[in-house]
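Hi there,

Here is the structure I promised to send over.

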Amino acid sequence: MLYLNEEHVLSIGVNWAETTEVIENTIKADDVNQVVQPVKPYLRFKDKANRIIAMPAYVGDEYDVAGIKWIASFPDNINKGIPRASSVVILNDANTGQVKSIINGALLSIIRTASVSGLLIQRALEAKKLERFSIGIIGWGPIGQNHYHMCRYLFEDQIEQIYLYDINGINGPESVVNDSKVRVCSDWREVYHHADVFMTCTVSKERYIDEQPKPGAILLNVSLRDYKLESYDYVKNGLIVDHWKEVCRENTDIEWFYLQRGLQEQDVKTFADVICRQVLHDLAPDQPIMFNPMGMAAFDISIGEYYLRKARELNMGQAL
C-alpha cells in the first residue's frame, strides 16, 4: 500500500490540462454506466455547522478503481488558524478489494474542485465562442487561490482581467497581488458585474447575490450558497448540475430554488449533458449559465488514481 500526503502531491505538481481530462473521462464513464456512486451521507454532531462527509465510488473504464473520500468541513477552523477542510482518500483494488493507497490532505479535493471548474469553463467558452474574457473570483481561501492558478494555466492567453474580492482582503504572494492582470476590488458587485467568468469560492453563512449578472455570464457556483432567490429568474434557463439528488439538498441554492420557486429535475441539465451532448450550444448567447457542482465522489476517486499512478512513475510516497 502506498501512502501519499500533501507534500507528495505538491511535489508531483498540478498539470491542470491533465486533471481536467481526468474529470472529462470520469463524466463520460458515468454517462455509459461505468460509475457507481451512492448518495453521500453527512455526519453532523455538536455544532451543526460542521459536517463530515463519506463519499464512496467506483470508476470503471481506464481507471477501474474503487474508493472513498472522508472529508470534514468545520468552517470556524479559519478563526482558529487551521484549515477549514481535512480529508483522506482511500483507494481499493477493484478486483480484490485490497487497499492500495491512502492519500491524506485536503489538497486532492481542492485540485478536483478547480479541475471540474476548468473543464466546465472550457466547454462554456467554446459554446459562447469567447476568445477574450475577464475572470472574477469571490473568496480567496485555498479553493479561490487554486481557481486563480488553474485559470492562469489553462486560459493565460485569453484572460484580459482578473477581478478578486474577499471580505477579509486579498493576501497572497507578490506574484498575485502585483499581477498586471489582477484588480483587487472593494465590493463583490464590482467583480460580479465585470467578469465574464464569475466564481464563488466562499464560506459565506448568508446569501448575498441578488443582482442581474452580466449578459451571457458563465457562473461557477462553487460554494453553492451565495445566490439569493432573486437570482433565479436570471439563471433558470441556464442551470447545470453535476447530480440532481446530490445538489438538491443541504441548503444549496438549487434546493432553495426547488423549495421556493418550484425548480424540478427536468428543468436543469447535467455535466454529462454538457460534455457528451453539447447542450450549451443550444442556449442563447446572452443567457447566463450557472454551474452547480455539489462534488461527485467519482471525481475524487479518479483524481486519486491519477496521483497514485504519477507517484508510482516517479517512485514517490511511503510504502506501508
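**Two crossing helices**

Helix α2 (residues 16–31) and helix α4 (residues 142–155) cross at roughly 105°, and their axes come within 9 Å. Axes here are lines fitted to C-alpha atoms, for helices over the stretch in contact, with angles running from 0 to 180 degrees between N-to-C directions. α2 and α4 are therefore roughly perpendicular to each other (a label for angles of 65 to 115 degrees). W16, A17 and T20 of α2 meet N146, H149, M150, Y153 and L154 of α4, where contact means heavy atoms within 4.5 Å. By class, five of these residues are nonpolar, three are polar and none is charged.

**A word on the source**

This is a predicted model, in which local features need pLDDT of at least 70 and side-chain atom pairs count only at pLDDT 80 or more, while totals for chains, interfaces and linings use all residues. Residues are numbered from 1 along each chain as its sequence is written, and side-chain values use heavy atoms, leaving out hydrogens and water.

**The whole chain**

The chain holds eleven helices and 16 strands (DSSP runs of H or I with at least four residues, and of E with at least two). Its C-alpha trace spans about 55 × 45 × 45 Å along the principal axes. Of the 320 residues, 54% count as buried, meaning under 20% relative accessible area with a 1.4 Å probe, protein chains only. Among contacts between residues at least 6 apart in sequence, 65% join residues at least 24 apart.

Best wishes

How values were computed. Parallel < 35°, antiparallel > 145°, perpendicular 65-115°, else oblique. Nonpolar A, V, L, I, M, F, W, Y, C, P; charged D, E, K, R; others polar. Buried < 20%, exposed > 50% of the residue type's maximum accessible area, 1.4 Å probe, protein only.
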